[in-house]
Amino acid sequence: MKSICLSILLLSATALFAQDYNDLPVPSKKQLDWHDTEYYIFMHFGPNTFTGKEWGEGTEPEDIFNPAQLDCRQWCRIAKESGAKAIIITAKHHDGFCLWPSKYSKHTVRESKWKNGKGDVLKELSQACKEYGLKFGVYLSPWDRNHPDYGTPKYNDVFVNMMKEIFQNYGPVWEMWWDGANGEGPNGKRQVYDWKRFENTVKQYSPKTVVFSDIGPDVRWVGNENGIAGNPNWNFLDTVGFKRGLGAPPTDTLNRGNYWGKAWMGAECDVSIRPGWFWRESENEKVKTPQQLFDIYLKSIGRGANLLLNVPPDPRGLIHPADSMALTGFKKLRDESFAENLLKTANTFYQFSRKELPEEKITLRSMDKENQSYTVNLQNFIVEMAQPTKINCIILREAIHLGQTIRSFRIVMNNGKKVVKEISGSSVGRKRILTFKPATITSFTVYLEDAKGMDNVINVTAYLMDEKLIEK
Ligand code: FUL
């Protein structure tokens with residue numbers, strides 16, 4: 001059997017089967033770029049930073065907001081050093097306070113004493129992001145507990161105009177975040193949102209922006225605020241008949257996606273480094289440890305989702321040392337764990353045995369269509385180590401620009417002729433990090449069941465990481 005370089009072989013195999021590709025959803029160019037952004041920082045900042053509330057009422061006096069030492073470059077430096085590729089800020093949270101001097105509100109930085117009403121957080125942050133090479137994203141809460149027009153059709157104009165201001169004055173905006181919470185406004189009324197118009201505004205004024213919400217259109221909420229994607233995690237979602245907020249798909253569906261979903265919709269895992277979304281003195285001791293963050297990393301990015309980690313600035317307008325230290329530790333754990341790919345000297349080859357492998361109908365377990373039978377093409381490839389090697393982690397990556405077609409996999413590890421470990425799972429997606437109790441092996445075989453008869457694994461690596469980091 002001929003052994004050739006893993007990546008070349010896998011890529012050419014992908015190309016070979018690409019022509020067999022049919023109409024399962026595939027990501028758009030901007031969705032693919034979004035997947036590659038992988039890990040980024042969320043920042044909840046506003047009057048709540050000064051009051052200790054999670055949901056401001058919208059009646060807080062503007063003067064409360066006074067971050068005397070605000071330094072967006074410090075935020076960007078810390079984000080960048082932690083390996084993040086973007087920052088998303090709460091330009092407007094549910095209390096309606098705008099972190100930029102919007103012409104469409106009287107509850108903004110302009111009405112505060114901060115910098116004598118001349119301050120503009122979006123301006124400072126968007127500029128700092130450019131300087132540090134970070135993408136800039138904006139959380140714009142549709143729910144507004146302050147705006148006098150909320151609950152009337154006029155508020156839809158306000159929301160559209162605010163988006164236009166943001167796109168035109170602070171762009172490019174990489175991601176627009178539409179939160180699902182929708183309660184009553186100051187007049188006790190709920191808003192009937194004109195979502196179609198909101199979507200069209202993004203398309204018209206900032207077509208490259210990816211839009212996040214419960215149901216996209218580009219990126220979906222993962223269904224919880226713990227940073228944990230489903231296992232499996234499918235990049236597909238059925239959105240027809242569903243709404244944002246009340247009327248969204250069930251959270252377990254958002255968590256795992258729909259196995260047969262019609263739209264490509266990657267999952268974004270939002271989670272806070274602290275118990276709350278906004279900074280609070282009393283939570284300085286409760287910042288997540290590097291190890292907890294690493295565990296979240298394995299369960300979000302390691303399941304093919306993106307990680308949006310909230311690191312809220314304090315009332316000075318700076319990231320508190322408790323948070324920056326945790327981020328430094330988190331980065332160190334990732335660097336150490338994935339420093340040495342133990343397959344660098346391994347030989348890899350396909351054992352294409354279409355003749356030997358069954359091509360008859362087999363039964364696959366699926367989430368929403370139990371015992372559905374259809375033809376799959378069983379593929380497998382072998383990785384042979386240069387010498388016996390101890391590993392406790394294998395990472396598989398799927399070529400998602402061609403879709404997500406791997407429906408299940410099995411990895412059989414050998415030491416010589418003896419099988420020493422077997423692991424299996426279903427979804428792979430952009431990155432699947434598999435951890436297990438360490439085993440000394442000389443080879444392993446990856447078996448794939450691919451819905452479309454393709455072989456989309458684009459990369460395989462293996463590591464031996466600190467056992468403490470691996471769930472028993
Ligand atoms: C939720 C909001 O209600 C929280 O305040 C926070 O912004 C979180 C990220 O989303 O829906």
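Reply: Axes are lines fitted to C-alpha atoms, for helices over the stretch in contact, and angles run from 0 to 180 degrees between N-to-C directions. Helices (H or I, at least four residues) and strands (E, at least two) are DSSP runs, numbered from the N terminus. The model is predicted, so local features need pLDDT of at least 70 and side-chain atom pairs count only at pLDDT 80 or more, while totals for chains, interfaces and linings use all residues. Residues are numbered from 1 along each chain as its sequence is written, and side-chain values use heavy atoms, with hydrogens and water left out.

The protein chain holds 10 helices and 18 strands, and 59% of its 472 residues are buried, where buried means under 20% relative accessible area, exposed over 50% and partly exposed in between, with a 1.4 Å probe and protein chains only.

The part to look at is a closed barrel of 8 strands in the order 1-2-3-4-5-6-9-10, with parallel pairing; two strands pair if DSSP finds at least two bridges between them. Neighbouring strands of this sheet are turned by 25 degrees against each other on average, with direction ignored. Strand 3 (residues 135–140) and strand 4 (residues 175–177) run parallel and are joined by 3 bridges, and here Gly137 stands opposite Glu175 in strand 4.

Strand 10 (residues 306–310) has two parallel partners: strand 1 (residues 39–43) pairs with strand 10 over 4 bridges, and strand 9 (residues 266–272) pairs with strand 10 over 5 bridges. Tyr39 stands opposite Leu307 in strand 10, whereas Ser272 stands opposite Asn310. In a regular strand the side chains alternate between the two faces of the sheet.

Helix 6 (residues 153–170) lies across strand 2, strand 3 and strand 4, running at about 165 degrees to strand 3. In helix 9 (residues 290–299), Leu293, Phe294, Ile296, Tyr297, Leu298 and Lys299 are buried, and what covers these buried residues includes strand 9, strand 10, helix 10 (321–337) and strand 17 (432–450).

Two packed helices are described by the angle between their axes and the distance between the axes. Helix 6 packs with helix 7 (residues 195–205) at an angle of about 20 degrees, with their axes 10 Å apart. Helix 6 and helix 7 are therefore roughly parallel to each other, since angles under 35 degrees count as roughly parallel, over 145 as roughly antiparallel, 65 to 115 as roughly perpendicular and the rest as oblique. Where they touch (contact means heavy atoms within 4.5 Å), the residues of helix 6 that meet helix 7 include Phe159, Val160 and Met163, and those of helix 7 include Phe198 and Val202. By class, this contact of helix 6 with helix 7 has 7 nonpolar, 3 polar and 3 charged residues; Ala, Val, Leu, Ile, Met, Phe, Trp, Tyr, Cys and Pro count as nonpolar, Asp, Glu, Lys and Arg as charged, and the others, Gly among them, as polar.
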